[in-house]
Amino acid sequence: MIAFQNVFKIYNSHSVALEDIAFQVSPGEFISLVGRSGAGKSTVIRLLIGEEKPTKGRIFFGQYEVNKLTDRELPAFRRHVGVVFQDFRLLPMKSAYENVAFALEVAGRPQREISDLVPQVLDMVGLGDKGKNFPHELSGGEKQRVAIARAMVHRPEVIIADEPTGNLDPFHTMEIINLLLKINQLGTTLVLATHNKDIVNGLNKRVITLDHGRIIRDEEKGKYILV
Amino acid sequence: MITKLSRIIHFGLQNFWRNGLLSTGTVAITLLALMVSLGLLLFGVVTDAAIASVQDKIDISVYFKTSTSEDQVLSIKQVLEALPEVKNVDYVSRDQAMEIFKTEHQGDESISQAINILGSNPLEAYLNIRAHRPDQYALIDENLKNPSIGQYVSSRSYSENQLVIDRLSRIISNVNLGGFALTIILALVAGLIVYNTIRLAIYSGRDEIGIMRAVGASNFLVRGPFMVDGILTGTLAAVLSLIIAAPVLSFLSSKLGGFVPGLNIFQYFYTHIFGLLGLQLLFGVGVCTISSFLAARRYLKN
């Protein structure tokens, strides 16, 4: 489903972000990308969602060759992916309901479908009663749950979560991870980038470890191990 | 497509309303720019009226020998009226000239006595000629020198007033040119101010553009609401500019009327209100929409 083939990202001779990255992700998998800050996790995510282009190599996502997508083609591609960011990236002038609905609106879904789906998904993430609240009226955990609801509402094939718990306390962290696990159990592929050792060790899922822009370990049911 | 358009309009209106302070600021700056543009338009009207009033006072007279018959003068009048430079020609016969002379010197006994002593009318018939523009008098005067006309002419006033007419012609042409240049410069400045205001407003929303793109919104869907905001801002500013201008012009109208005879700027404003609204909308909506389009473009990469 997702394939990185010998991907390099070199900003300049002193700044090599990724070096010869190659891995594949099968449908329904839950993988954790781990590594220290600056290891290259976020670069992998940015390349995967087409925010950046690789210097060398190819990236496949389903029928898309992401590295070849033009600015015009990117929006349609991104509608197949749900992305959750560390800083939530909610639209501040839209309510929780409107933020979730926006993912469906950009996909051109009819209003009736939006009116049916959004409350269901908000209920699923435990925010059924917070639909009218604006992001500044929500806690960090609630904002991240809105972001997850937005990422999953259009039933994407993959959800990519880039440090989704980075700004949360341990209680909300577990809440979000459990939610992501639940989504994965429903069949959605999940790519989680994190440097939280406890989360990764508790998941007992596939772990790809990055260090200095290289993959140093790729294990089924792996652990967070850094040498 | 209709769903997409209706969503764009909805998002634009929603942004405009929810970013109330920012929207008010943008409308206020656009309003100021439109007041400048309206001011320039009306300044042009006042200048044109002032120039027309000065031009109206300029004419040249051609006096005919007393031996020239009225038919000959009238046929010359027809020839002159056919010239493209000529706006109108007034014929004053010898008798009318005498009447005018008498009226002008009504209280002067010595002149009345002198006329009575002469017994016959010594005054010449003449034609008052008005050109469309002051710089056309030289050309008309050239025609008067033509022997077919010149043989009947005793004197022409152009040669006597040439210096004044030429000077006025230069002043009028400079005022027109200066007014045009001022209009272009100030309109450009006003446009740039509006563009920068909208650019700043969109800059403050650049993160939101990034979020929309990350969620999969197309450029059209991201840019559209900003353009709806631009249309709304331009429309509101255009309408407000006329609402504010009306009482100001009503107050200024009587004062300007004394400065330029026959000019009623409020009357002009009132009778041309739809034309002015159209121009204000064209400028306001045009500048705001183009500014929004251009300013949003730089954040639509990746």
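In this predicted model, chain A holds an open sheet of four strands, ordered β2-β1-β4-β5 and paired antiparallel. The edges belong to β2 (15-25) and β5 (64-65) of chain A. Each has a single partner strand, so one side of each is left without a neighbour in the sheet.

Strand β1 (residues 2-12) of chain A runs antiparallel to strand β4 (residues 56-61) of chain A. Five bridges join the two. One residue pair can be named: A:Gln5 has A:Arg58 in β4(A) as its bridge partner.

Now the helix α1 of chain A, which spans residues 41-48. Is this helix largely enclosed or left open by the rest of the structure? It is largely enclosed, because seven of its eight residues are buried. The buried set runs from A:Lys41 through A:Ser42, A:Thr43, A:Val44 and A:Ile45, and also takes in A:Leu47 and A:Leu48. After α1(A) comes A:Gly50. Its phi is positive, near 75°.

Chain A also touches chain B. The contact takes 16 residues from chain A and 16 residues from chain B. On the chain A side, α2 (74-78) and α3 (96-106) each supply at least two residues. Which element gives the largest share of that side? It is α3(A), with four residues. The table sorts the side of chain A that touches chain B by class.

| Class | Number on the chain A side |
|---|---|
| Nonpolar | eight residues |
| Polar | one residue |

Terms used:
Residues are numbered from 1 along each chain as its sequence is written. Chains are lettered from A and ligands numbered from 1 in the order in which they are written. This is a predicted model: local features need pLDDT of at least 70, side-chain atom pairs count only at pLDDT 80 or more; totals for chains, interfaces and linings use all residues. Two residues are in contact if their C-beta atoms, placed from the backbone, lie within 7 Å. Ala, Val, Leu, Ile, Met, Phe, Trp, Tyr, Cys and Pro count as nonpolar, Asp, Glu, Lys and Arg as charged, and the others, Gly among them, as polar. Two strands pair if DSSP finds at least two bridges between them. A residue is buried if 20 or more other C-beta atoms lie within 10 Å of its own, exposed if 12 or fewer, and partly exposed in between; C-beta atoms are placed from the backbone.
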